[in-house]
Amino acid sequence: MIYTTKELIELGESDYSIRKKLADESLFAIERGLYSTNREEKRLDEEAMCKKVSAGILTGLSAFYIHHLTDVVPDKFYFATEQHSFPIRRSDVVQSYQDQSFFEIGMIYVQYNDNGNIRIYDYERTLIELFRLKEKYPRELYYEVLNSFRKKKHLIKFCRVAEYLTHFKNGKSLLEKIKESI
């Protein structure tokens, strides 16, 4: 299980007891302020990054990979944050700013690696993001993800896609593009 320092303190630990557990290896430091109870989790994965970037939602290449739309493992973590949030100053994070009016639309919690929840956009919102930001993705990746969506068409709730798109200023044209492509 992965914990932040704040979560450990809320569970009754103190700075001293955290240091003690680190010394006797019942707790392992992933990085400053982030700890794991499992020795194998001593690396930053999606769950750990979602704890670290608590205001962000996984999107883009990270969401494509987690939703099994591509087998390309992203070399960075892709997060969407509200438009006026602080920049994430990490070389392993790509941050995109989104308007508050549609930032949390389609956000879900998904069980990840059997031990923690991550914040990610659902299937429908991920489809919208693919079409909204088409120019940002390499052509091969775009078509790979699009073809994966076509194969998993039965999982897409198009009424939800249409509902989500009412919040976007170019929603009608995006809906037409999605209908033509899928």
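**A guided reading of the model**

Guide: The protein chain contains eight helices and eight strands. Please bear in mind throughout that the model is a predicted one.

Visitor: What does the C-alpha trace of the protein chain span along its principal axes?
Guide: The chain has 182 residues. Taken along the principal axes, the extent of its C-alpha trace is about 60 × 30 × 30 Å.

Visitor: How many residues of helix α5 are buried?
Guide: Helix α5 covers residues 123-132 and is mostly covered. Its buried residues include Tyr 123, Leu 127 and Phe 131, and charged residues such as Glu 124 and Arg 125 are also among them. Of the 10 residues in α5, the number buried is nine.

Visitor: Which elements do the buried residues of α5 pack against?
Guide: The partners include both strands and helices. The strands are β6 (93-98) and β8 (116-121). The helices are α4 (60-66), α6 (139-151), α7 (158-165) and α8 (171-181).

Visitor: Why is Thr 4 classed as buried?
Guide: Thr 4 lies in strand β1, which comprises residues 2-4. Leaving aside residues up to four places away in sequence, Thr 4 touches Gly 33, Leu 34, Tyr 35 and Lys 51. The cut-off for a buried residue is under 20%, and Thr 4 is therefore classed as buried because its relative accessible area is 16%.

Visitor: Which residue of β3 stands opposite Glu 31?
Guide: Strand β3 consists of residues 34-36 and runs antiparallel to β2, to which three bridges join it. The residue of β3 that faces Glu 31 is Leu 34.

Visitor: How far apart are the mean positions of the positive and negative charges?
Guide: The protein chain carries 29 positive and 28 negative charges. The separation between their mean positions is 4 Å.

Technical notes:
Residues are numbered from 1 along each chain as its sequence is written. This is a predicted model: local features need pLDDT of at least 70, side-chain atom pairs count only at pLDDT 80 or more; totals for chains, interfaces and linings use all residues. Side-chain values use heavy atoms; hydrogens and water are left out. Helices (H or I, at least four residues) and strands (E, at least two) are DSSP runs, numbered from the N terminus. Buried means under 20% relative accessible area, exposed over 50%, partly exposed in between (1.4 Å probe, protein chains only). The place of a charge is taken as NZ of Lys, CZ of Arg, CG of Asp or CD of Glu. Contact means heavy atoms within 4.5 Å. Two strands pair if DSSP finds at least two bridges between them.
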